[in-house]
Amino acid sequence: MRHLKEGPGWRLGYDPDADVFKGLVAGDRWAVEMTQPEFADFCRITLQLVETLQIMASELMAEERITCEQETAHIWVEVEGFPSQYSLRFILLQGRQAEGAWPATATSTLLQTIPALTLF
């Protein structure tokens, strides 16, 4: 991977020069390589869902959990939990049809890395 970032429980990578699989998403015990469209959708949707959680935070009581999901032709992504602490899960919908997830303890630093990879 040309650009690889990692933290406790997660890894994200991007290689614009790779032939097929330009993106990498991984947890402690799993890893999935993604095509450019899959990885682009993963990054965009994940950031949109987190923004939605933050917007909805003022409408929720402190003990209320929320689930938000979105999908494209390539990927389904879900965030679930509290606006300040939530898990993240995805399912690839074409080809390999892989699935992965991160616990709430890993998502905050993972999300900070997405814009830092300067993918697009």
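**View 1. Arg 2 and Asp 17 meet through their side chains in a salt bridge, with 2.8 Å from N to O.** A salt bridge here is a side-chain nitrogen of Lys or Arg within 4 Å of a carboxyl oxygen of Asp or Glu. Arg 2 sits in the segment before strand S1 (3-7) and Asp 17 in the loop between strand S2 (10-14) and strand S3 (21-26), so the pair ties together parts 15 residues apart in sequence. Helices (H or I, at least four residues) and strands (E, at least two) are DSSP runs, numbered from the N terminus. Asp 17 counts as exposed because its relative accessibility is 56%. Buried means under 20% relative accessible area, exposed over 50%, and partly exposed in between (1.4 Å probe, protein chains only). The model is predicted: local features need pLDDT of at least 70, side-chain atom pairs count only at pLDDT 80 or more, and totals for chains, interfaces and linings use all residues. Residues are numbered from 1 along each chain as its sequence is written, and side-chain values use heavy atoms, leaving out hydrogens and water.

**View 2. A salt bridge joins the side chains of Glu 38 and Arg 96, at 2.8 Å from N to O.** Glu 38 belongs to helix H1 and Arg 96 to the loop between strand S7 (85-92) and strand S8 (99-102), so this pair ties together parts 58 residues apart in sequence. Glu 38 is buried, with a relative accessible area of 4%, whereas Arg 96 is partly exposed at 37% relative accessibility.

**View 3. Glu 78 and Arg 89 form a salt bridge whose closest N and O atoms are 3.4 Å apart.** The pair links distant parts of the chain, with Glu 78 in strand S6 (residues 75-82) and Arg 89 in strand S7, 11 residues apart. Glu 78 counts as buried at 14% relative accessibility, and Arg 89 as partly exposed at 28%. Salt bridges with shared partners join Glu 78, Arg 89 and Glu 99 into one network. The structure holds 6 salt bridges.

**View 4. Helix H1 (residues 36-56) and helix H2 (residues 104-116) cross at roughly 125°, their axes coming within 10 Å.** Axes are lines fitted to C-alpha atoms, for helices over the stretch in contact, and angles run from 0 to 180 degrees between N-to-C directions. H1 and H2 are therefore oblique to each other; angles under 35 degrees count as roughly parallel, over 145 as roughly antiparallel, 65 to 115 as roughly perpendicular and the rest as oblique. In H1, Phe 42, Cys 43, Thr 46, Leu 47 and Val 50 meet Leu 111, Ile 114 and Pro 115 of H2 (contact means heavy atoms within 4.5 Å).
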